[in-house]
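Let us follow the charged side chains through this structure. Keep the sequence and the 3D view side by side.

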Amino acid sequence: MSRFWSAVVHGLTPYVPGEQPKIDNLVKLNTNEHPYGPSPRALEAIRSATNDSLRLYPDPNADALKAALAQRHGVQPTQIFVGNGSDEVLAHAFMALLDHERPLWFPDITYSFYPVYCGLYGVAHKTIPLTEDYAIRADDYLPQGHDKAGAIIFPNPNAPTGCLLPLAEIERIVAGNPDAVVLVDEAYVDFGGESAIALVNQYPNLLVVHTFSKSRSLAGLRVGFAVGHPALIEGLERVKNSFNSYPLDRLALAGAVASVEDEDYFQDSCRKVIATREQLVADLATLGFEVLPSAANFIFTRHPQHDAATLAAALRQRAIIVRHFKLARIDQFLRITIGTDAQCAVLVAALKEILAA
Ligand SMILES: *Cc1c(COP(=O)(O)O)cnc(C)c1O
């Protein structure tokens with residue numbers, strides 16, 4: 001606390017990122033990073049961009065990246081916004097598109113940055129409970145008489161549950177709220193979901209947000225983007241150009257373009273994670289864990305006889321870090337990132353020991 005803080009700062013409750021411990025030989029399964037490295041072509045592009053041109057500002061409009069993404073996703077460059085990680089894209093969306101007289105609706109169990117941005121930007125919100133099965137139910141997001149959303153945001157697959165809402169259900173929410181922006185945060189969609197980008201030409205109220213941090217294994221580069229109607233994109237650009245004209249540096253732009261162009265590597269590395277996930281789910285079931293159906297690069301699991309926080313602490317003693325949320329409804333779950341086959345084998349062996357002890 002300081003008397004030099006502004007009133008806004010006094011009222012903030014900041015997001016708490018998963019820890020990045022500085023311990024060697026850690027099995028780090030807590031922040032949903034990709035277990036395999038980025039495309040070698042992306043790394044080479046970053047190395048090649050590391051030269052005298054770094055004295056110059058990067059392209060403020062990121063035209064090359066927008067062109068590559070537009071081609072990859074079958075849309076126009078004017079339908080794409082890029083930012084310094086998708087968290088920044090989301091932040092701009094909260095200010096530009098999600099702040100209205102009626103509250104923003106999002107699930108009670110979801111990405112915990114959403115309420116943080118509501119606090120930062122003063123966005124009124126209402127949380128909609130997930131079902132007993134921890135699923136998003138499309139009907140709950142349709143106008144209920146006079147009770148309508150000012151805007152809607154949710155991840156698909158949801159975080160930290162990993163549960164996927166089928167595209168037809170997303171479309172019901174978007175079509176049923178023609179006067180509200182629906183933002184679908186597809187941070188994990190490449191691990192088994194169908195992207196709502198397929199719907200953006202039909203619905204001017206749909207914004208789809210992606211990140212390079214998970215499926216493209218570039219969390220350290222900080223690149224995210226949004227796809228939607230040009231009018232939504234223009235709103236985001238207005239905020240961005242009132243905040244920071246150069247959110248993506250030259251290395252990020254070069255690496256991101258090369259990553260998008262290396263489709264084979266991308267598909268292959270996502271496939272590997274999915275295969276490992278299916279093996280891990282089977283192994284955990286054998287140990288008596290319940291695992292929610294996951295379409296992400298993590299799983300959400302609980303054991304009927306073992307306390308989640310105790311399990312997380314016992315894993316930590318064995319240098320295995322997973323994520324536990326001390327929150328209502330989910331405090332008996334662990335969120336476990338899909339690592340390499342070897343890392344998951346170490347995890348399963350450790351859990352077997354812990355349960356037997
Ligand atoms: C990881 C994550 C993000 C943020 O990704 P960055 O691009 O690294 O900022 C956004 N939304 C959800 C649901 C995530 O899990």
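Is Glu-19 buried, partly exposed or exposed? Glu-19 is partly exposed, at a relative accessible area of 36%. The model here is predicted.

The structure contains 17 salt bridges. In one of them, Glu-19 meets Arg-316, with N to O at 2.1 Å. This pair ties together distant parts of the chain, 297 residues apart. Glu-19 sits in the loop between helix 1 (7–10) and strand 1 (27–29), and Arg-316 lies in helix 10 (residues 308–317). Arg-316 is also partly exposed, at 42%.

A second pair lies within helix 2 (residues 40–49). Arg-47 and Glu-44 form a salt bridge there, 3.4 Å from N to O. The two are three residues apart, so about one helical turn separates them. Arg-47 is exposed, with 54% relative accessibility. Glu-44 is partly exposed, at 42%.

Strands are joined too. Arg-302 and Glu-290 form a salt bridge, their closest N and O atoms 2.8 Å apart. Arg-302 belongs to strand 10 (residues 298–302) and Glu-290 to strand 9 (residues 290–291). Both are partly exposed: Arg-302 at 27%, Glu-290 at 37%. Elsewhere, salt bridges link Asp-139, Glu-169 and Arg-172 in a network.

Now turn to Lys-214. This residue lies in the loop between strand 7 (206–211) and strand 8 (224–228). Lys-214 is buried yet has no salt bridge. The nearest side chain of opposite charge, Asp-87, is 7.0 Å away, and a salt bridge requires the atoms to be within 4 Å. What Lys-214 does have is a polar contact, side chain to side chain, with Tyr-188 at 3.1 Å. Its contacts beyond four places in sequence include Thr-31, His-34, Phe-191 and Asn-297.

Notes
Residues numbered from 1 in each chain as written. Predicted model: local features only at pLDDT ≥ 70, side-chain atom pairs only at ≥ 80, totals over all residues. Heavy atoms only, no water. Helix = DSSP H or I, 4+ residues; strand = E, 2+ residues; numbered from the N terminus. Buried < 20%, exposed > 50% of the residue type's maximum accessible area, 1.4 Å probe, protein only. Lys, Arg positive; Asp, Glu negative; His and termini not counted. Polar contact = N/O pair within 3.5 Å; in protein donor to acceptor, adjacent residues only side chain to side chain. Contact = heavy atoms within 4.5 Å.
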